[in-house]
Amino acid sequence: MALAAKLLGTSATILMPEDAPASKRAATEAYGAQVRSFDRYGEDRDALVASLAAELGAVAIPAYDDPWVMAGAGTAALELFEQAGELDALVVCAGGGGLLAGCATVAAARAHGVRVIGVQPQAAPSLERAFHTGVRRRLPVGRTIADGQQLAVPGELTWAVIRERADDVVCVSDEEIVAAMRTLFERLKTVVEPSGASALAAVLAGGARTGIADGARVGVTLSGGNVDAARFSALMSPA
């Protein structure tokens, strides 16, 4: 959003959790945006966004619960199918559900029979609970290293799409996420933030977690690299 505003010659104010990675805030501010912090555990982000938009006379851009945001996020799956061909399963990191809804829509249109699975951290399972109970409700935001997935409730628009087009939503532990980050770094020389590594963590956990058969051709999203050197080093260091 900050970069888009800069390219369009307009201003952007970004509402960001106060415990977000310092590197994420620094990069956002470097694009010229103003960052305002909030307490993700004690304040309602949606209410704050509405209040801030009214205060500034600005247009509120949802992080995920918007048809255009979902469509844009879905281009990740579109490019994957174009480059990799047919897949048996597509495993996607999920927070509010924008990426998962977009990817599930693309999969439904282009790849009949592909199993689409969303992945959340165990401490923030709002979408997983909704998927398995059929009821979208607000849950307490738990503590997890996957800060990009700490959502109290799935998006209203994203939930409707995911309920129809995804096949499952599962959870992974922080320890499994760290193991996935380590695998990406050591095997692929790729640095991925915790939230971005959750989908791979589920795949590495095996078929008992995801229902994916051995030998299946699997696509995985690695959605985000917002982790600074100090944080990454701390996560990779033995306890």
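What follows is a walk through the packing of three helices, α4, α5 and α7, in a predicted model. Local features are reported at pLDDT of at least 70 and side-chain atom pairs at pLDDT 80 or more, whereas totals for chains, interfaces and linings use all residues. Residues are numbered from 1 along each chain as its sequence is written, and side-chain values use heavy atoms, without hydrogens and water.

Helix α7 (residues 156–165) buries Thr158, Trp159, Val161 and Ile162, buried meaning under 20% relative accessible area with a 1.4 Å probe and protein chains only. Seen down the axis of α7, these residues fall within an arc of 165°, so they line one face of the helix. The face turned away from that buried side carries Glu156 and Glu164, which are exposed (over 50% on that scale). Among what covers the buried residues of α7 are α4 (67–84), α5 and α6 (126–133).

The contact, defined by heavy atoms within 4.5 Å, is made by Gly98, Leu100, Ala101, Ala104 and Thr105 of α5 together with Thr158, Val161, Ile162 and Arg165 of α7.

Helix α5 also packs against α4, with the axes 7 Å apart and at an angle of about 45°, and α4 and α5 are therefore oblique to each other. The residues of α4 that make this contact include Met70, Ala73 and Phe81, and those of α5 include Leu99, Cys103 and Arg110.

Terms used
Axes fitted to C-alpha atoms, helices over the stretch in contact; angles between N-to-C directions. Helix = DSSP H or I, 4+ residues; strand = E, 2+ residues; numbered from the N terminus. Arc of directions from axis to C-beta. Parallel < 35°, antiparallel > 145°, perpendicular 65-115°, else oblique.
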